[in-house]
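Student: I have not looked at this structure before, and I would like to be taken through it step by step. Could we begin with the sheet and then turn to a residue and a pair of helices?

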Amino acid sequence: MTTAAPQEDTDFQATLRKELATTLATFPRIRFGHLPTALEPMDRLSELLGGPRLWVKRDDCTGLSSGGNKTRKLEYLMADAQAKGADTIITQGATQSNHARQTAAASAKLGLDCHILLEDRTGSNDPAYILNGNVLLDRLHGASVSKRAGGADMNAEMETLAETLRAEGKSPYIIPGGGSNQIGALGYVNCVREMADQAAEIGLSIDALVHATGSSGTQAGLVTGLAALQSDVHLLGIGVRAPQEKQEQMVYDLACKTADHLGTGLEIARDQVRANCDYVGPGYGLPTEGMIEAVKLLARTEGLLFDPVYSGKGLDGLIDQIKKGYFAGLDNVVFLHTGGSAALFGYPETFELHGYS
């Protein structure tokens, strides 16, 4: 890969950041997150891998129900729900959905009813997987939780439930899976601005940004934010669900919608949307050896916890691509930690950590 040479922060770049902040301030937002999240080095991992210096953007520490990337999206989505007079939130996800957990928590904080529809994408009947981890937390936050078969039309399922609730006099607001629409993606447009401010403050030139990509909202927001700042940062999503062509098209389509939603005339270049989907393994939510090793490695070198579904597979991709020379010649690579460590408790057998030493 190639990238532009790192540049010092300029008045022009600072102006672009201020303009983006001003644009974002025009959209309704509820402050749930502990922001800005830290941007910190992972020097033990960097030394071990021998590639660029690695950094982590700690969006596992956003604060809402143990944190995670969905908090940023929910700041805008829940504000929109309130503006539209909603008293009930409906959303959907896979069984161990981080998005569901954070949506349930945000609903509780605002005093809204919450209905979670969970799609069985793995076929697992392990009690730990279907009752522990994020599922336990969904219920602890007071959400109703119901199951749907794998392959169900989850958007139709949510609309059917919404019609039932409307007939009962409720005012439901539907949030798509992952919070991934042009409203939710604003959270990661804002994340780009936040991270650019942090880098400028410490004199850090970020060459590349890597993250796990699934429902597309996080990456679409990042693509849009980087375009708004006219940034040369190389963005790479590590897919956890769909084949590359489908993943990239979903991200591009949503990034275009997000740019239109900003209303600044911004255009998105298709070649700025990149996804490597070689690390999905047997399927969404299904463990891979690379993920297991990556999660163990980060726990034992940096004291960081990553999840088996998203960030763990993203890490596997980052580590493997460093070994393959993808980032050769770059100095600083940031991994966006999307959170989700609560899901570890839904996979107790995966890591084979039993008994006492």
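**Sheet, residue and helix pair**

Tutor: In this predicted model, six strands form an open sheet with mixed pairing, in the order S1-S2-S10-S7-S8-S9. The edge strands, each pairing on one side only, are S1 (39–41) and S9 (275–276).

Student: How many bridges join strand S7 to strand S8?

Tutor: Strand S7 covers residues 208–213 and strand S8 covers residues 234–239, and the two run parallel. One of the bridges pairs Ala 208 with His 234 in S8. The number of bridges joining S7 to S8 is six.

Student: Is Val 334 buried or exposed?

Tutor: Val 334 lies in strand S10, which spans residues 332–337. Beyond its neighbours within four places in sequence, Val 334 is in contact with several residues, including Leu 39, Trp 55, Met 195 and Ala 208. Because residues under 20% relative accessible area count as buried, and Val 334 has a value of 0%, Val 334 is buried.

Student: Which word describes the way H9 lies relative to H10?

Tutor: The axes of helix H9 (residues 217–228) and helix H10 (residues 244–262) come within 8 Å and cross at roughly 55 degrees. Angles under 35 degrees count as roughly parallel and those from 65 to 115 as roughly perpendicular, so H9 is, relative to H10, oblique.

Student: How many charged residues does the contact of H9 with H10 have?

Tutor: The contact is made by residues including Ala 220 and Val 223 of H9 and Leu 254 and Thr 258 of H10. By class, the contact of H9 with H10 has seven nonpolar and four polar residues, while the number of charged residues is none.

Methods:
Residues are numbered from 1 along each chain as its sequence is written. This is a predicted model: local features need pLDDT of at least 70, side-chain atom pairs count only at pLDDT 80 or more; totals for chains, interfaces and linings use all residues. Side-chain values use heavy atoms; hydrogens and water are left out. Helices (H or I, at least four residues) and strands (E, at least two) are DSSP runs, numbered from the N terminus. Buried means under 20% relative accessible area, exposed over 50%, partly exposed in between (1.4 Å probe, protein chains only). Contact means heavy atoms within 4.5 Å. Two strands pair if DSSP finds at least two bridges between them. Axes are lines fitted to C-alpha atoms, for helices over the stretch in contact, and angles run from 0 to 180 degrees between N-to-C directions. Angles under 35 degrees count as roughly parallel, over 145 as roughly antiparallel, 65 to 115 as roughly perpendicular and the rest as oblique. Ala, Val, Leu, Ile, Met, Phe, Trp, Tyr, Cys and Pro count as nonpolar, Asp, Glu, Lys and Arg as charged, and the others, Gly among them, as polar.
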